[in-house]
Amino acid sequence: MLRSQSILFGASTALLALAGEPLAASFGNGPLAIRVGRAETVTKGVIENAVILVEDGKIVTIGEDLPVERGVQVIDRPQWTVMPGMVSSYTRIGLDSEGGDDMSPDVKASDELWPKSRDMRKVVDYGFTTLGVYPAGNGIPGLAAAIRPRGETVAEMILKDPAYLKIVMRSDSASKKRIRDAFAKVDEYEEKVKKAREKWDKDKDKDKDKKGKKDEKPAEKPAEKPAEKTDEKKMADPDAQDVGSEAAQEGKTDAKDEKKADGFVPPAPDDKSRSFVEMRAKKLRALVTLAGAADWLHWLDALGKETIGFDVRLVLNQDSDIYFVFDKKTYDLDADGIGDRKVHAVVEPVLTFTPHTRRLRNLPMELAQAGAKVCFTPRTDNLDNYKEFLGHVSELIGAGMTRDVALRALTQNGADLLGVGDRVGSLEKGKDANLVFLDGDPFQPATRIQAVMLDGRFVFGEVDS
Amino acid sequence: MHTSRTIPTFAATAFLACVAAFSSCASSRSADLSELAPGDEGVAIRCGRVLTVDEDDRIHGPGLILVKNGRIAYVGPERDIPAGYAVAEHPDLWAAPGMVELHAHVQGSGGDINDMVYPVNADLRASAGMVPSNPAIRRACAGGVTTLFGIPGSGTSIGGFGVIFKAKTKATYDEAVVRDPGGMKVAQSYNPERRAGDLGATRAGLAWILEQYNEEARAMNREGTSTPMLENLQKVHARELPVLIHSAGSDGYPAAARMWHVGNGTRAVLSHGCFDAHLTAPWLVKTGVPLNVGPREIDFASTRDGRITGIAARYLEAGAKDLSLCTDSPVVPQEELFLQGAVAARYGADSYTMLRAVTIAPARVFGLEDRLGSLEVGKDADIVLRTGDPLDPRSRVERVYIDGRVEYDRRQDGQWF
Amino acid sequence: MIQLDLTRRLALVATLAVSALPVLAQDGEKPAETKEKPAEPADGEKKKEDEEERWFAIQNGDVYTGTGEVLRGATLLAKNGKIHSIGYDLYVPPDAKTLDAKGFRLYPGLVAISSQGLLGNASSDFDDTIDPFNSRMILALGTGITTTGAGTAAVKLKRFSVDGAVVNEKIFSSFSWSNSNPRVKGELRDKFVAATNYLREYREWQRKVKDDKTLAEPNKRGVDNTVLAVLQGEQTAKFVSNDRDELLGIAHLAQEFGFRPVIEGCQEGWTIADELGRAGVRAIITPRDRRAKDERQVLAGGASIENAAILHRAGVPVAITPASEGVDLSGLVGRDIMHLPLEPGFAVRGGLPERAALESITIVPARILGISHRVGSLEIGKDCDVIVTDGDVLHYKTFVQWAVVDGKVAYDKEKELFFAHIRPRPEAAAPKKIDAGETPPDPDAKPDETDEDVEKKDGEDEPEEKGDGDEPKKDR
């Protein structure tokens, strides 16, 4: 116990006290200190004899052998290991609707959520505190959301919505056409915006000449476009323009986002184009499902000049040939490899064979070595596989994957993919208190999860002080 | 086997001429350079190259073959031709022995390969269904195949007894037959498995069916008795007749060797040996059982190591002796027996060994090497003249002699293949 | 030219036949059909003034150009994927990639006139569906094939890239000409008549409309566009036929209307070779086709191993294809696309000269596919599609050591598992042995769908089995 640390600890506690949060005696309220034998922080290595202080659903601090002020509730478990709550960034556990048509980029998985879903709630018991749920279907089925598996209401469950746009890529004309057409529509939209802008500028210049005239010339436009604002008063109050125009209402959020300082509000894109507009504006990323090496090349070919941000989901069939495109150099490709783009790659924790042989390959390991950020998704999207998840990942460690990569693939990488990497995914100060407590090394077969904490509250496991 | 030496002295020649009458080893017979007597038929064939495929693998270029009354009287370098011989000049052609096929089903009408009522056809004779000089046989001749073992199919554990015959193009049964029964045919993998609810759905069940018959035959041999139904099976167990066994896979192939070669001590020849049977090559070679590879020459899916495995090459690497090849015609057309040699060579076997695999090796393992399989003095004059390497598809067969007579001549008969 | 009487019609045919010859000599300058994909990357990088140069040299090998020339110990130099020069003492830029082919031969990459499954699992829209990693493509490159006809397109086996693989599209229009369907024959003939008349009227109108602008364009109603395309040389008419009578009918149709058909099968072509030659027929043949002569006929008939040779002598260009156009790894060897170079050997057996045999799997299929200005022989300006072999490409033991497509090594025998263990290259690593401890596969394991079943889907049944057939069949 270092004096300086103790003082610091006491000071921060005092500050918290000053902030008006009383120290309560029961769990879930007030600060809680948990002492464990080992903490796998993921981002900052392993801490032995770790102490984690949790308050108001956040990790207040974490360190080795930190002294705990009297009055703070302490849970002492020297045999336990703690790791961040795991993230399954690509799942439909607990959801059961089927896909619709192949071009529905406006469909949201969050619309399917229902807080009472038994299976979804259950994954918490297996250590999963963050999920990325995607809509069902082929083609471009829609937008995924980052969620907590439990909540009283849907709103409580949502962490980030949308998290990514799911795109299923196959080596066929339909897939490529879909992508190309969608971006062609974005071009059209940008043209439209440009024209609207030009007109607006022109009209503004005209009005400058007519300064002083009392009557406004709103010059009614068709429903999609918002009414032009020539009146300075209106320019100061952007919300006023949206009243009465239904289409403009839909575009309200966009209009607000797009609003320039001088008050120009661009027309809203139609539903099917919106996600693509946002992708081009780098406000949304895509997650592209690929089944084989050829799919990767066809995806890059379909993208053409587009520079959108995307990550990949690689379906690892038993004889997967995806390793051909892990990097550019090994097979002297003209195009980039998956690792070269440093994308996140969602894969199952499964060993495959070199095609036509019985020689095992550890593709997730190779993928990580090539530079991609591996995120794990269960082998099959059901509760059994969530239960066995750590065991499956252990197989890959046994086959050569490093622990660090494996841990990250279960936690931080998935969080980053979902865009909530600043909130969850590691044991760091300020992040959500999503913690999994185990009675040993997470990757040993005898280890069992003892407790799970979600947003600072124990939601699994019997824990008393 | 022996290696032969050229005999320089007359005395030695005379001595050996006497020995030859009792010896079954053809290579020790001496050449007959006497002139033709009245009533003798003789043709002297001069070739650019003669592949004898004898034990010393002698090749004469140019060479001369003297054929007298259906047998080879002389084969060697160019020399003066005794009087009376008709002379065939083929300075551009290669001569090679007629090829020997141990696994053919083209002796009959074409559709009648299997009779599958009994699990064992103890005394069925393929010869009864033979159609001599049928179109498949004629094409086989044009492809350089001169002797075939025509057998029943593999639908039953013992298919029956096959007939050894020459691929003559205009012959009666008696003129074509070499030996009937020529040997027994057994099938032990996959095909004979019965699904009708009777015994024989499993390999063990099939083995039991076979062993019941084998035990009875052996018992009768011991007692010195016989019954008509089992007479020929008894000959198999007395090693008087060979038995050809259809078997494959690393499960079936060694099991067949265990039963027939090691267990029953018969003159067994294991046919096919495809899929992943080659993985058991070291043990098979140790037992010494002759292997007859074909029609499949490669394996990829069963061996599962990402390699295209040449089956014959693998057996040879393990030390197999007298490996022979087959077509299982019509699965591979009979006239393409040479191609089996070519592709076996392509996938790793030695080419010359593959030439032996379609000539002397099948003759030897079936006990026919005193008559067939190589161009040596005293053997049947089954000679194929081609424009080049016998294994190369580009080599055209120009003429085929069987028992010293021209059975196929491309210029006269047209090019059948 | 509106109404042709017989004499003028014959003259027209003769003119067309003669005028076709310089086209042939120039190796297929088919207008507008060939898709020229530019060499620059698809991401739209601006082409620099002095474009980046990619040099590649294959040195010290014996170069068999496919035009009858052999240059022993020569160098083949390629720039940006095209053959720049072939010869001796060539200057090879220091940054060039090189391949030492000492002791080996160079041949043009083989052109399979037709195949199945080499480009992946799809059979059309190859720009969007090609799978340049599929194992059948590797095996085909290992056979020496660098370009294949696929459906009505011609596609390169361009490994590791989806860009620029399709060389030509919409090459063929298929027509039916069958004795069992005389009505269709009549209808086809009528279509040709209608199209010919229309063309004649159209050309007449083109001539006259210059002086009289009010002249109406001839009516196109009732004119079959496919047939029109054939007459205008934009598409090639393709027939599948083996029967002597049918072949004669096609030849006469071709002579009457002035087009050069491609006939696939052509088994009895040898009986009327001269007619086919005069009609400008191109034949796609499998020398080992077996077909019995119809014994009711006195005329010669049936298949003949001499078919290719006889047709060739009569001036019919012969392309050769194996009996099975897919990859067959089930065990029976020598009759599938992986053994393409074996098949012309049987045509040689039947009397075809060796040079024509090589051409039957290189320049002749290239011409039929309309891509002979790019592939089919090793000549300056053509694509650098080269195979390096360890012997005569038509010999049964020869293996392809390297296959080069567009100046890039697409296949190296020693780097793929398939054939590396067979007569490995001397400087390559020692062949991988099967471990003594390696266990045979689990007999209960379900076989992988990608191997057997896919290969079988290529249409390769167990060949010529009668009744039970004797060869061992595993229950699958």
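Colleague: Where do the domain bounds used here come from?
Modeller: Glad you asked, as this comes up at once. This is a predicted model, in which local features need pLDDT of at least 70 and side-chain atom pairs count only at pLDDT 80 or more, while totals for chains, interfaces and linings use all residues. Residues are numbered from 1 along each chain as its sequence is written, and chains are lettered from A and ligands numbered from 1 in the order in which they are written. The domain bounds come from an automatic or database domain assignment.

Colleague: Which residues make up domain 1 and domain 2 of chain B?
Modeller: Domain 2 of chain B covers 99-365. The C-alpha centres of the two domains of chain B lie 29 Å apart. Domain 1 of chain B is given in two pieces, 10-97 + 376-413.

Colleague: Which strand gives the most to the side of domain 1 of chain B that touches domain 2 of chain B?
Modeller: Contact here is between residues whose C-beta atoms, placed from the backbone, lie within 7 Å, and 16 residues of domain 1 of chain B meet 22 residues of domain 2 of chain B in this way. Strands are DSSP runs (E, at least two residues), numbered from the N terminus. Those giving two or more residues to this side of domain 1 are E16 (383-386), E17 (397-402) and E18 (405-409) of chain B. With three residues, the most is given by E17(B).

Colleague: Why is strand E3 of chain B largely enclosed by the rest of the structure?
Modeller: A residue is buried if 20 or more other C-beta atoms, placed from the backbone, lie within 10 Å of its own. Gly63(B), Ile65(B) and Val67(B) point one way from E3(B), and Leu64(B), Leu66(B) and Lys68(B) the other way. E3(B), residues 63-68, is largely enclosed because six of its six residues are buried.

Colleague: Which strand forms a hairpin with E3(B)?
Modeller: Two strands pair if DSSP finds at least two bridges between them. E3(B) pairs in the antiparallel sense with E1(B), residues 42-51, over six bridges. Six bridges also join E3(B) to an antiparallel strand at residues 71-77. With two residues between them, including Asn69(B) with a positive phi of about 50 degrees, E3(B) forms the hairpin with E4(B).

Note on methods
Contact = placed C-beta atoms within 7 Å. Helix = DSSP H or I, 4+ residues; strand = E, 2+ residues; numbered from the N terminus. Buried ≥ 20, exposed ≤ 12 C-beta atoms within 10 Å, placed from the backbone.
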